[in-house]
Amino acid sequence: MTDAELCLQGIGRRIMERRKKLGLTQEALAEKAEVTAQFVSYAEAGKRAMRPENLMKMASALEVSADYLLTGEIIDKDLLILADKMSALTPDQIRIVENIIDECRSLFGIRR
């Protein structure tokens, strides 16, 4: 298997995992991203490379950065997306999220 094929499979896996986490069907994601359901199916299977504009549409529909879809890395844009989601929470809800994050850091042995 070539590096390009492995890359496409990784992108496809991240698309599928994120789609499922958001509770979307392939059809719902296709509608949200303004692509066809067949396009989503091929992308998830790692059978089709995407033009940049379609990658951006998929990333937006999945509420992640294009970098995340391409590499699996979390970048500042992903953190800004999370911050935007948190801005809709009340102060008490934000403290709950903070406690969850602190607990996860403790469980994973992250000191910082």
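Glu 63 lies in the loop between α4 and α5 (66-71). In this predicted model, its phi is near 60 degrees, a positive value in a residue other than glycine. Glu 34 also has a positive phi, near 60 degrees, and it sits in the loop between α2 and α3 (37-45). Helices α2 and α4 pack against each other, their axes coming within 8 Å.

**Loop residues with positive phi**
- Glu 63 has a relative accessibility of 29% and counts as partly exposed, because it falls between the 20% and 50% limits.
- Glu 34 has a relative accessibility of 63%, so it counts as exposed, the limit being over 50%.

**Crossing of α2 and α4**
- Helix α2 covers residues 26-33 and helix α4 covers residues 52-62, and their axes cross at roughly 115 degrees.
- This angle makes α2 roughly perpendicular to α4.
- The crossing of α2 past α4 is right-handed.
- On the α2 side, the contact is made by Leu 29, Lys 32 and Ala 33.
- On the α4 side, Lys 57, Met 58, Ala 61 and Leu 62 make the contact.
- The contact residues comprise five nonpolar, two charged and no polar ones.

**Cysteines**
- The count of disulfides is zero, where a disulfide requires a pair of cysteine sulfur atoms within 2.5 Å.
- Cys 7 is partly exposed, with a relative accessible area of 38%.
- Cys 104 is partly exposed as well, with a relative accessible area of 32%.

How values were computed:
Residues are numbered from 1 along each chain as its sequence is written. This is a predicted model: local features need pLDDT of at least 70, side-chain atom pairs count only at pLDDT 80 or more; totals for chains, interfaces and linings use all residues. Side-chain values use heavy atoms; hydrogens and water are left out. Buried means under 20% relative accessible area, exposed over 50%, partly exposed in between (1.4 Å probe, protein chains only). Axes are lines fitted to C-alpha atoms, for helices over the stretch in contact, and angles run from 0 to 180 degrees between N-to-C directions. Helices (H or I, at least four residues) and strands (E, at least two) are DSSP runs, numbered from the N terminus. Angles under 35 degrees count as roughly parallel, over 145 as roughly antiparallel, 65 to 115 as roughly perpendicular and the rest as oblique. A crossing is left-handed if the near helix is turned anticlockwise from the far one by less than a right angle, and right-handed if clockwise. Contact means heavy atoms within 4.5 Å. Ala, Val, Leu, Ile, Met, Phe, Trp, Tyr, Cys and Pro count as nonpolar, Asp, Glu, Lys and Arg as charged, and the others, Gly among them, as polar.
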